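Q: Can you walk me through this one? I have the sequence and the model open.

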Amino acid sequence: MTAPVSFLAADAAEQLVLMNPGPVVLDERVRAALAGPDLCHREPEFADLLARIRHKTTLVAGGGDAHTSVLLTGSGTSAVEAAISSAVPPDGGLLVVDNGHYGERFEHIAAAYGIRTHRLELGWATPVDLARVERVLAADPGLTHVGMVQHETSTGMLNDVSAVARIAHGRGREVIVDAVSSVGAERISLAGDGADWLCGSANKCLEGAPGLAFVSAARTAFERLAGRPNRTYYLDLHRHYTAQEKSGLPAFTPGIPACYAFEAALDLALAEGREARHARYAALAERLRAGLEALGLELLLPSGQRAVGLTALRLPAGTGYEELHRGMRAAGFVIYRAQERLAPDHWRLSTMGRITAADIDRFLAALADVLRDADHAPLADPAVGRPGRHA
């Protein structure tokens with residue numbers, strides 16, 4: 001019998017540093033938690049685990065006693081889809097604030113369910129025009145909800161949820177926030193920033209294993225979903241809320257190993273605190289961006305508009321993404337292609353997860369070598385302008 005091919009073992013031996021925006025490099029304690037015991041999801045031990053995860057998730061989402069969270073087995077997209085399909089009523093509508101790929105995704109999801117939308121297309125990497133949001137909501141009372149992305153991962157732009165929420169709430173509308181790439185590191189709070197429905201993922205800035213998502217909201221918001229016609233079966237938030245809140249058990253079979261890992265990641269996130277994690281990511285991003293600019297590379301956004309978890313930049317002249325990816329992969333780093341209209345001449349780098357300053361320094365040195373080998377010699381030493389080295 002032919003032995004199975006184990007590409008996982010080969011990849012593990014390479015010790016790749018993931019600079020894609022999720023999945024992320026995990027803390028060893030999170031990775032070890034994946035090997036938790038076999039467990040039936042209908043047993044009291046899992047009910048206890050689920051209750052702990054929901055409580056801790058609500059805390060990292062900035063919720064209080066009036067809020068709760070529903071856990072889903074799926075990617076972050078499943079949380080966004082569950083919130084849109086469940087929260088917008090049959091006679092309601094959705095104002096989509098679109099300044100990138102994931103803003104546009106709100107419209108695509110709503111269209112799949114026949115939900116009426118008004119897409120406020122601002123243009124990729126364009127800050128949100130608050131006056132336009134105000135005008136659209138004033139002109140169309142049937143738009144009951146506003147959908148927006150906090151960290152628009154297609155460009156690395158950080159959108160101001162609080163400002164949009166103030167306008168929406170002033171006109172009696174609810175806000176659905178895609179915080180998939182921001183919760184845990186950027187400021188976002190159910191209680192303080194006006195996110196009525198906060199959609200997140202276990203991995204990315206929360207540094208758990210991929211495969212779990214969540215929606216956090218006020219308990220009363222979940223309760224108000226009762227009696228509405230179901231647009232979906234598996235992603236029906238009221239179904240999940242009722243099962244998890246009333247019986248303490250999941251509606252369907254969850255990813256139990258990912259749940260073990262998620263609780264470990266939540267414990268680490270709560271111990272570190274959002275401010276400290278934000279500062280850690282910001283220091284890594286600053287170190288990376290200074291080094292990239294020292295190499296003569298052009299960053300996409302002005303400094304005041306960037307999230308701490310991702311940097312988008314232009315490809316070096318004459319160098320294609322595939323060539324760059326091969327060179328950096330050989331050096332032990334996974335980089336990330338830009339999307340859609342930015343794909344021909346941009347790429348992206350994440351500073352989420354357990355990346356260290358030493359990793360950033362090694363990355364910049366390897367990148368300088370790759371560019372030199374491709375006859376694109378750096379314009380300066382990548383160490384110029386960076387803070388002092390530290391592990």
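Predicted model: local features only at pLDDT ≥ 70, side-chain atom pairs only at ≥ 80, totals over all residues.

Q: Strand 2 and strand 10: parallel or antiparallel, and over how many bridges?
A: Antiparallel, over 7 bridges.

Q: What holds paired strands together in general?
A: Backbone hydrogen bonds, and the strands can run parallel or antiparallel.

Q: Which strand does strand 9 pair with, and in what sense?
A: Strand 9 pairs with strand 10 in the antiparallel sense, over 5 bridges. Trp 197 has Ala 217 of strand 10 as its bridge partner.

Q: How many residues of strand 10 are buried?
A: 6 of its 7 residues, so strand 10 is mostly covered, given that buried means under 20% relative accessible area.

Q: What is the strand order in the sheet of 7 strands?
A: The order is 2-10-9-8-5-3-4. That sheet is open, and its pairing is mixed.

Q: Which strands are at the edges?
A: Strand 2 (67-73) and strand 4 (116-121). Each of them pairs on one side only.

Q: How much does the sheet twist from one strand to the next?
A: The average is 20°.

Q: Where is the parallel pairing of strand 3?
A: Strand 3 (residues 93-98) pairs with strand 5 (residues 145-149) in the parallel sense, over 3 bridges. Leu 95 stands opposite Val 146 of strand 5 there.

Q: Which strands does helix 5 touch?
A: Helix 5 (residues 101-112) packs on the sheet and touches strand 3, strand 4, strand 5 and strand 8. The direction of helix 5 makes about 155° with that of strand 3.

Q: What about helix 4, which strands does it lie across?
A: Helix 4 (residues 76-87) lies across strand 2, strand 3, strand 5, strand 8 (174-178), strand 9 (197-201) and strand 10 (212-218). Helix 4 runs at about 160° to strand 9.

Q: New topic. What is the order of the sheet with 3 strands?
A: It goes 11-14-13. This sheet is open too, with antiparallel pairing.

Q: How many bridges join strand 13 and strand 14?
A: There are 2, in the antiparallel sense, and strand 14 covers residues 346-350. Arg 337 has Trp 347 of strand 14 as its bridge partner.

Q: Which helix lies across strand 11 and strand 14?
A: Helix 11 (residues 274-294) does, at about 10° to strand 11.

Q: Now rings. How many aromatic pairs are there?
A: The structure holds 6. Among them is Tyr 233 with Phe 252, a tilted pair with 5.9 Å centre to centre and 50° between the planes. These two residues are 19 residues apart in the chain. Tyr 233 is in the loop between helix 8 (219-223) and helix 9 (237-247), while Phe 252 is in the loop between helix 9 and helix 10 (256-272).

Q: Why does Tyr 233 count as exposed?
A: Because its relative accessibility is 54%, and the cut-off for exposed is over 50%. Phe 252 has 23%, so it counts as partly exposed.

Q: Which residue lies over the face of Tyr 233?
A: Arg 239, at 3.9 Å from the ring centre.

Q: Which rings link into a cluster?
A: Trp 197, Phe 222 and Tyr 241, through ring pairs.

Q: Last one. What pLDDT does the chain average?
A: It averages 93, and 92% of the residues score at least 70. Residues 1-13 are below 50, and residues 384-391 stay under 50.

Definitions and conventions
Residues numbered from 1 in each chain as written. Heavy atoms only, no water. Pairing = 2+ DSSP bridges. Helix = DSSP H or I, 4+ residues; strand = E, 2+ residues; numbered from the N terminus. Contact = heavy atoms within 4.5 Å. Axes fitted to C-alpha atoms, helices over the stretch in contact; angles between N-to-C directions. Phe/Tyr/Trp six-rings, centres within 6.5 Å; stacked < 30°, edge-to-face > 60°. Buried < 20%, exposed > 50% of the residue type's maximum accessible area, 1.4 Å probe, protein only. Lys NZ or Arg CZ within 6 Å of the ring centre and 35° of its normal. pLDDT = per-residue confidence, 0-100.
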